[in-house]
Every structure is written in structure tokens, then in C-alpha cells.
Amino acid sequence: MKRLLLKRGKEESLRRFHPWVFSGAVQQMDEGIEEGEVVRVVTSSGDFIAVGHYQIGSIAVRVLSFRDVEIDGEFWYSRLKSALEMRRSIGIADNPQNNTYRLVHGEGDLLPGLVIDVYGKTAVMQAHSVGMHVSRVQIAEQLMEVMEGRIENIYYKSETTLPYKADLGQENGFIFGGSDDNTAIENGLMFYVDWLRGQKTGFFVDQRDNRSLLEKFARNKTVLNMFCYTGGFSFYAMRGGAKLVHSVDSSAKAIELTNRNVALNFPGDMRHQAFCEDAFKYLEEAGGNYDLIILDPPAFAKHRGALHNALKGYIRLNNKALQKIQPGGILFTFSCSQVVTKEHFRNAVFTAAAQAGRKVRILHQLHQPADHPINIFHPEGEYLKGVVLYVE
């Protein structure tokens with residue numbers, strides 16, 4: 001195994017078990033290290049400190065272990081088994097009312113660069129690092145072993161998540177199996193998963209708990225679900241007894257999927273209508289008709305350089321919703337931008353409320369669910385944040 005030598009003093013973050021080695025911390029590397037290769041990271045004095053995947057870019061190594069171990073089938077099996085057992089212990093896996101969950105959440109499961117979501121009998125695997133892409137078949141083989149018949153298919157979907165400069169020639173497709181059954185269950189509700197063309201792995205599993213909370217607020221409400229994508233919040237609102245639900249997204253494919261999901265759970269129900277429309281335009285023209293609004297936009301900031309503009313976007317969006325919502329209304333508002341902290345987001349919502357001139361109280365502070373765990377040594381993993389507001 002080739003070595004990567006750190007500059008003096010640059011091992012301190014690794015001694016605190018942070019799973020990234022930044023390129024600026026590297027003193028030198030052995031010749032011939034290829035992108036995606038497993039390397040041993042050593043201190044300036046030559047002492048072992050970590051082993052992980054090498055990648056060209058600002059994050060040079062994503063740490064797989066702080067012990068000097070072989071990264072082989074046994075290693076992958078052990079990590080995947082640990083991920084499954086955690087989800088079984090908290091009642092998320094092996095639940096007949098919920099066969100949809102995240103099995104592997106990157107750094108949160110000590111597998112940086114890897115995401116695996118389970119939808120019924122199909123697992124969708126996504127690599128966010130070259131190393132995980134290189135190891136995909138071995139990981140998939142061990143996944144089938146660990147799951148012991150819980151899944152029959154593994155779909156690999158990484159065309160848009162890997163660095164294009166790596167020129168890996170990656171293609172989406174089944175590594176094992178090949179099912180056409182793309183129906184899954186979340187808390188007793190059914191939905192279609194578009195793992196072929198949909199965003200992420202096909203469904204936003206991370207909003208499961210927040211959708212359940214919304215259901216409790218929905219009775220007799222007129223509901224607006226902005227950036228609806230697959231319509232998850234919409235059909236939870238309908239089950240919660242909403243008297244009217246409107247779903248809005250700028251993507252025609254998202255609207256089609258929302259309508260299919262609503263029809264799957266509430267066939268012929270006239271309470272729901274979907275609109276393919278720009279969010280800001282729709283809020284401006286029709287936002288005053290609602291007393292429960294959900295704002296769940298895509299990430300406004302992918303990197304720190306976009307933070308300032310992202311916060312302006314969150315202020316503008318929430319300001320518009322707060323202007324329009326009915327007195328006594330409830331606003332669910334979210335950010336999934338990793339570089340936007342809880343404090344950033346809360347301040348943006350505070351500013352929006354002040355600009356809108358509305359009296360606002362925080363009812364709940366929301367975050368990602370337990371199957372999206374946060375590695376305590378990697379606080380950057382806390383990406384989803386939200387608040388529920390009561391608006392006078």
C-alpha cells in the first residue's frame with residue numbers, strides 16, 4: 001500500500017478522528033498513486049495515522065479507518081453490517097410499514113463517499129468519491145451478503161456525483177438484479193421511486209420524520225407544498241386531513257411524479273392539484289390562499305463561495321411566504337445546503353420575518369432523521385435544518 005506523508009503538525013485533525021485529509025496538509029506522496037487508490041497516511045515522522053481513498057482535489061484522502069487494516073471484503077462487510085444493525089436497533093430497518101430508509105450515510109456511517117438507500121427490494125448505491133466508485137462491485141457483493149435476502153437488486157447511480165475530470169466512464173445501471181418494481185412504502189404510504197432519472201437516489205428519504213410531523217398539523221388546512229418534487233409532503237398532508245393541497249415545482253417530471261404518487265395513495269381524490277410553475281412567481285400570484293406552507297427548496301449553496309447569495313435567496317423566499325400566508329398559518333421551511341449552518345438559516349428566516357412585518361413563533365426545530373447519522377467528529381455532516389413557524 002502506497003504512502004502519503006503529511007506536513008509537520010497537520011495530523012492533529014486526524015488525531016481528533018476527522019475523516020478528511022486536505023490537499024494543503026500533504027507534504028509528499030509515493031510515486032504512481034492513482035485516483036481512487038487506497039493509501040496509508042503517515043505523519044511527518046513516518047508514524048501511521050489513517051488509511052483511506054486518495055482523490056485529486058481539495059480533499060486528498062477520505063479516511064476509511066484509523067487502524068492499519070486491509071480494505072478488503074471483510075472490511076466492507078463489517079462496516080455495512082454495523083450500518084444495518086444500527087438501523088434495526090432503532091426500528092427503521094425490518095419495519096413492514098416502512099421499507100424505505102438510508103442504509104449508509106457517508107461519513108455518518110464511517111464510509112465517506114458512499115450513500116446507499118433502500119427502497120423495498122432494491123438498494124440504490126451512489127458514490128461521491130472515486131475510491132467508492134472503484135470499489136463498487138466489491139461493496140455490492142458484501143451488501144448482498146449483509147442484507148441476507150432483504151434486497152434482491154442493487155442499482156448503481158453515480159453519473160452525476162463523481163468528478164467529471166476523473167473521466168471514469170461511469171454508467172448508471174444494475175450491479176445485481178434488475179427489477180421494474182419501483183414502488184416503496186414509507187410510514188404506510190406508497191410512492192414511486194425514479195432511480196433511473198430522479199434526483200439523488202430517486203426520493204428524499206431524509207424528510208420522512210418531518211413529513212410525519214406535518215401530517216399532525218394538516219387537519220382542515222389549505223396546504224401549499226413548494227418545490228414538491230415527488231409530492232411527499234403533499235400525500236402526508238392529505239392523510240392528515242387537509243381540505244386542499246396544492247403542489248408546485250418548476251419541473252414537469254416532478255409534477256408528473258407527484259400526481260402519480262398522490263393517485264397511488266388517494267385515487268380520485270379531488271383535494272389535490274399540481275402546478276408546474278416557478279416558486280417565486282406562484283407565491284406572488286397565489287400565495288395568499290394558504291394557511292400551511294412547505295418550503296423545501298434544493299440546495300441554494302453547493303460551496304462556501306455561494307453562501308452569501310444563498311442566504312439572500314432564503315431571505316427572499318421566506319419573506320414572500322411570510323407575506324402571503326394566512327394569519328394563524330404554519331410554515332415549514334428548510335435548507336439542505338451543507339455550508340448553511342443552523343445559525344445562518346435561522347438568521348435568514350428571522351430577517352425574512354422582520355421584513356415581512358409578521359409576528360412569528362418557532363414551534364419546532366427540525367433536522368435530518370436517525371438513518372442519516374452525524375459522525376460526532378465530522379460536524380459538517382449536519383446538512384438538513386428546518387423550522388416550523390406559527391405566523392400571526
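How does H5 pass H6, in a left-handed or a right-handed crossing? The first legend gives the reply, and the others tour further close-ups of this predicted model. Local features need pLDDT of at least 70 and side-chain atom pairs count only at pLDDT 80 or more, while totals for chains, interfaces and linings use all residues. Residues are numbered from 1 along each chain as its sequence is written, and side-chain values use heavy atoms, with hydrogens and water left out.

**View 1. Helices H5 and H6 pass each other in a right-handed crossing.** A crossing is called right-handed if the near helix is turned clockwise from the far one by less than a right angle, and left-handed if anticlockwise. Helix H5 covers residues 208-217 and helix H6 covers residues 232-239; helices (H or I, at least four residues) and strands (E, at least two) are DSSP runs, numbered from the N terminus. Their axes lie 8 Å apart, at an angle of about 35°. Axes are lines fitted to C-alpha atoms, for helices over the stretch in contact, with angles from 0 to 180 degrees between N-to-C directions. Among the H5 residues to look for are Arg 208, Leu 214 and Glu 215, which meet a group in H6 including Phe 233, Tyr 236 and Arg 239. Contact here means heavy atoms within 4.5 Å.

**View 2. Helices H2 and H4 pack with their axes 9 Å apart.** The angle between H2 (residues 73-89) and H4 (residues 136-147) is about 50°, and the two helices are therefore oblique to each other. On this scale, angles under 35 degrees are roughly parallel, over 145 roughly antiparallel, 65 to 115 roughly perpendicular, and the rest oblique. The crossing of H2 and H4 is right-handed. On the H2 side, the meeting residues include Trp 76, Tyr 77 and Leu 80; on the H4 side, they include Ile 139, Leu 143 and Met 147.

**View 3. An open sheet of 7 strands has mixed pairing.** Follow the order E16-E15-E14-E17-E18-E20-E19; two strands pair if DSSP finds at least two bridges between them. E16 (272-276) and E19 (360-367) are the edge strands, each pairing on one side only. On average, neighbouring strands are turned by 15° against each other, direction ignored. Within the sheet, E18 (residues 329-335) and E20 (residues 385-391) run antiparallel and are joined by 7 bridges. Look for Ile 330, which stands opposite Tyr 390 in E20. Helix H8 (residues 279-286) lies across E14, E15 and E16, at about 160° to E14.

**View 4. Asp 117 and Arg 102 form a salt bridge.** The term means a side-chain nitrogen of Lys or Arg within 4 Å of a carboxyl oxygen of Asp or Glu. The closest N and O atoms of Asp 117 and Arg 102 are 2.7 Å apart. Asp 117 is buried at 0% relative accessible area, and Arg 102 is buried at 12%. Buried means under 20%, exposed over 50%, and partly exposed in between (1.4 Å probe, protein chains only).

**View 5. Glu 37 forms a salt bridge with Lys 2.** Their closest N and O atoms are 3.2 Å apart. Glu 37 sits in the loop between E3 and E4, and Lys 2 in the segment before E1, 35 residues apart. Glu 37 is partly exposed at 21% relative accessibility, as is Lys 2 at 28%.
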